[in-house]
Amino acid sequence: MAAYQVLVVDDSAFMRKIVTDLIQADPEFKVTATASNGREAIQRSLELKPDIITMDVEMPEMNGLDALKSIMKESFVPVIMLSGINEQGMKETIMALEAGAFDFIRKPSISHDQDIAQVGKALVERMRAAMNEIKRKADRELSMKNRDMLRGAVAPPTQPVQKELPARDRAEPVKKTIEPVETIQRSLRERTEAFQAKAKKPIEPLSPSKPGRVENKPEPLPKAERNLGTKAEKAVRSANPVQTPKEVRLPNAARVAADQIAATSASAKAKDVIKPNPVPKGGGGLEGPFNKLVAIGCSTGGPRALKTLLEQLPADLPAPVIIVQHMPPNFTRSLAQRLNTFSPLHVVEAEEGMVLKKGTAYIAPGGFHVKVNKTADGKFIVKLTEDQPVNGHRPSVDTMFESLLPFTSLQRHLVLLTGMGSDGARMMKRLYEAGVTSTFAENEETCVVYGMPRSAVELQCVRHLLPLQEIASKLVQAVK
């Protein structure tokens, strides 16, 4: 079997050599070309059409983030970002994941052979996962096409195939009933005749003051009321640029009513009525106890999925949100800061002893398991541990889910998003068997890697299997 073709992009010749050697240690992959900056990477990508690209984040002329965006516009090819641990590199790595990068790894330390070997193993693992996902999705599309052909559902080649919109985007067709022309004409004629007959009626006197004389003039108002009316009329005219024709006069009762409305409006303005402010971001107005909690787990493709999900959750969500995203140390802080700019929720990296609050999302820090503990006075707090990795991860979704088992008084809402492996599925099953039925998983169609959600589906503990874009609304409905 031919090896997958790889393009290695890095501004350091020494690092290009290290990455090339790490990749070619696995017979499944072959480095067919290298590039030293983003511009060169775009050109080589167009010329060679590699199966996969490794991309340094920080480079001269054009950085990895800009090169990635340009490559994604031309055609989809899996890109693994290689990031340094400086603040700028971590920030741009998170943005690259949002822009479509498959995954990332931390650049190896050239002074530690063991670190280089670990990075090489992680890199090949992610590259293999990317290739497997492409193959899986291609097989799935072929299978669906064959199924449609067997059902006779494939449109003729001359007709374009139209994809059905999601249910929430489909509008019911508006049904219009068009009346015959004769009916419309008859109705119009009848209304015209009725109007003409009414117009010919003599005007009956309203309040004749003298015999044989019709008096339609309104009684004059007292001076104080006339002044109030004049002020009110000016207020109405200044608020409404449409001028009333001079020959039109309001009846007495209507004028008094208008004066009263204007006077009330002016009074309200004078008192400077204060409208209630919206709930501020950061938990303002959301202090106090809660009986609901949302727990989310994700891995490969998670930063992009979290952005989509969290930007749809309202600031007044009556529950804290605990998130485990598989990431190395330091990167989770950049992730939290980035997500905080998009989400109405207050998003922070979790710290030891933090008191959980409604309307706040807590990202588990890389290198630590995060658990939920309850204090003697009934508060729920964050507990961080450096226990052994679970399912190969620290933080682990299973560890976080397991910490929720004792809290039967809480309404626990569990979510598994895109990610490799099966982390989170086992403990979602335990919680499901313990009575937690508000369980969500991202479906295969929108997952970057359909691993963690699929494992939970296979354990039959997912109540809501949904496209990523529909999870937030269903989750909010369940929580509220």
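1. A residue counts as buried at under 20% relative accessible area, as exposed at over 50%, and as partly exposed in between (1.4 Å probe, protein chains only). By that cut-off, buried residues make up 41% of the 480 residues in this chain. The model is predicted: local features need pLDDT of at least 70, side-chain atom pairs count only at pLDDT 80 or more, and totals for chains, interfaces and linings use all residues. Residues are numbered from 1 along each chain as its sequence is written, and side-chain values use heavy atoms, with hydrogens and water left out.

2. The chain holds 14 helices and 14 strands. These are DSSP runs numbered from the N terminus (helices H or I, at least four residues; strands E, at least two). Of the contacts with a separation of 6 or more, 71% join residues 24 or more positions apart. Contact means heavy atoms within 4.5 Å.

3. Take helix α1, residues 13-24. Its twelve residues should span 16 Å at 1.5 Å a residue, and the end C-alpha atoms are 16 Å apart, so the two agree. The expected span is 1.5 Å times one less than the number of residues.

4. Buried in α1 are Met 15, Arg 16, Ile 18, Val 19, Thr 20, Leu 22 and Ile 23. An α-helix has 3.6 residues a turn, so residues three or four places apart point the same way.

5. Helices α2 (residues 38-48) and α3 (residues 64-74) pack with axes 9 Å apart, at about 20 degrees. Axes are lines fitted to C-alpha atoms, for helices over the stretch in contact; angles run from 0 to 180 degrees between N-to-C directions. The pair is therefore roughly parallel (under 35 degrees; over 145 is roughly antiparallel, 65 to 115 roughly perpendicular, the rest oblique).

6. In α2, Gly 38, Ala 41, Ile 42, Ser 45 and Leu 46 meet Ala 67, Ser 70, Ile 71 and Glu 74 of α3. By class, that contact has five nonpolar, three polar and one charged residues. Nonpolar covers Ala, Val, Leu, Ile, Met, Phe, Trp, Tyr, Cys and Pro; charged covers Asp, Glu, Lys and Arg; the others, Gly among them, are polar.

7. Helices α4 (residues 87-99) and α10 (residues 331-340) have axes that come within 9 Å and cross at roughly 60 degrees. That makes α4 oblique to α10. From α4, Met 90, Lys 91, Thr 93, Ile 94, Met 95 and Glu 98 meet Phe 331, Ser 334, Leu 335 and Arg 338 of α10. This contact has five nonpolar, two polar and three charged residues.
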